[in-house]
Amino acid sequence: MLEALSSQAMSSSNGTDLLGLAERRLTWLEKRQSVLAGNVANADTPGYVAKDVSPFQGVLQNQMAVTLAQTEPGHLSGNNGTAHAAATGGNISISGNEVKLEDQLEKVADTNDQQRLATTLYSRYTSMISTVLGSGS
């Protein structure tokens with residue numbers, strides 16, 4: 001029941017569905033962790049090229065399409081999302097692949113930190129809603 005009430009409370013057309021956003025973020029982080037684990041597992045596979053998922057910002061572009069307006073001639077105009085991350089060429093290792101184990105493990109640790117933050121924020125937010133609805137402890 002709490003989930004239904006919080007979902008109704010957060011899905012107004014004027015705001016952002018924060019619980020849905022957190023769910024999408026966690027799903028994206030789960031997919032990224034899986035791809036990174038595959039990179040680590042194939043670190044010695046000849047010819048293997050490291051993979052990564054597209055940035056989470058791309059998931060948000062459809063939901064939060066906000067463009068900056070240039071209100072004064074001296075102000076800079078918004079970039080309208082024209083900047084994109086590009087893959088850089090890697091060095092080929094002795095085994096003939098482009099996986100740098102240190103980089104992959106750093107990305108795994110960063111993704112783990114992001115998952116921890118997202119789950120903490122999610123649980124605190126649902127606890128706040130529970131308190132507001134009077135069902136908190």
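**Lys107 is partly exposed, with 29% relative accessible area.** Here, buried means under 20% relative accessible area, exposed means over 50%, and partly exposed is in between (1.4 Å probe, protein chains only). This is a predicted model, where local features need pLDDT of at least 70 and side-chain atom pairs count only at pLDDT 80 or more, while totals for chains, interfaces and linings use all residues. Residues are numbered from 1 along each chain as its sequence is written, and side-chain values use heavy atoms, with hydrogens and water left out. The side chain of Lys107 meets that of Asp52 in a salt bridge, 3.7 Å from N to O. Lys107 sits in helix H4 and Asp52 in the loop between H2 and H3, so this pair ties together parts that are 55 residues apart in sequence. To count as a salt bridge, a side-chain nitrogen of Lys or Arg must be within 4 Å of a carboxyl oxygen of Asp or Glu.

**Asp52 also meets Arg32.** These two side chains form a salt bridge of 2.9 Å, N to O. Asp52 is in the loop between H2 and H3 and Arg32 is in helix H2, so the parts they tie together are 20 residues apart in sequence. Is Arg32 buried or exposed? With 10% relative accessibility, Arg32 counts as buried, whereas Asp52, at 36%, counts as partly exposed. Lys31 lies in helix H2 too, but it counts as exposed at 54%.

**Asp113 and Arg116 pair up within helix H4.** Their side chains meet in a salt bridge, 3.1 Å from N to O. Three residues apart in the helix, they are separated by about one helical turn. Asp113 is partly exposed at 42%, and Arg116 is partly exposed at 47%. Elsewhere, salt bridges that share partners join Arg32, Asp52 and Lys107 into one network.

**One aromatic pair turns up in a search of the whole structure.** The ring centres of Trp28 and Phe56 are 5.7 Å apart and the planes are at 55 degrees, so the pair is tilted. The pair brings together distant parts of the chain, 28 residues apart: Trp28 is in helix H2 (residues 18-41), and Phe56 is in the loop between H2 and helix H3 (57-61). For rings of Phe, Tyr and Trp (its six-membered ring), a pair needs centres within 6.5 Å; planes under 30 degrees apart are stacked, over 60 edge-to-face, and the rest tilted. Trp28 is buried at 12%, and Phe56 is buried at 8%. Arg25 lies over the face of Phe56, 4.8 Å from the ring centre. That label needs NZ of Lys or CZ of Arg within 6 Å of the ring centre and within 35 degrees of the ring normal.

**Thr111 has its place in helix H4 (residues 101-132).** At 0% relative accessibility, Thr111 counts as buried. Which residues does Thr111 contact, leaving aside neighbours within four places in sequence? They are Leu29, Arg32, Gln33 and Leu36, with contact meaning heavy atoms within 4.5 Å. Leu29, Arg32 and Leu36 are among the buried residues of H2.

**Stepping back, the chain has four helices and zero strands.** Helices (H or I, at least four residues) and strands (E, at least two) are DSSP runs, numbered from the N terminus. Of the chain's 137 residues, 19% count as buried.
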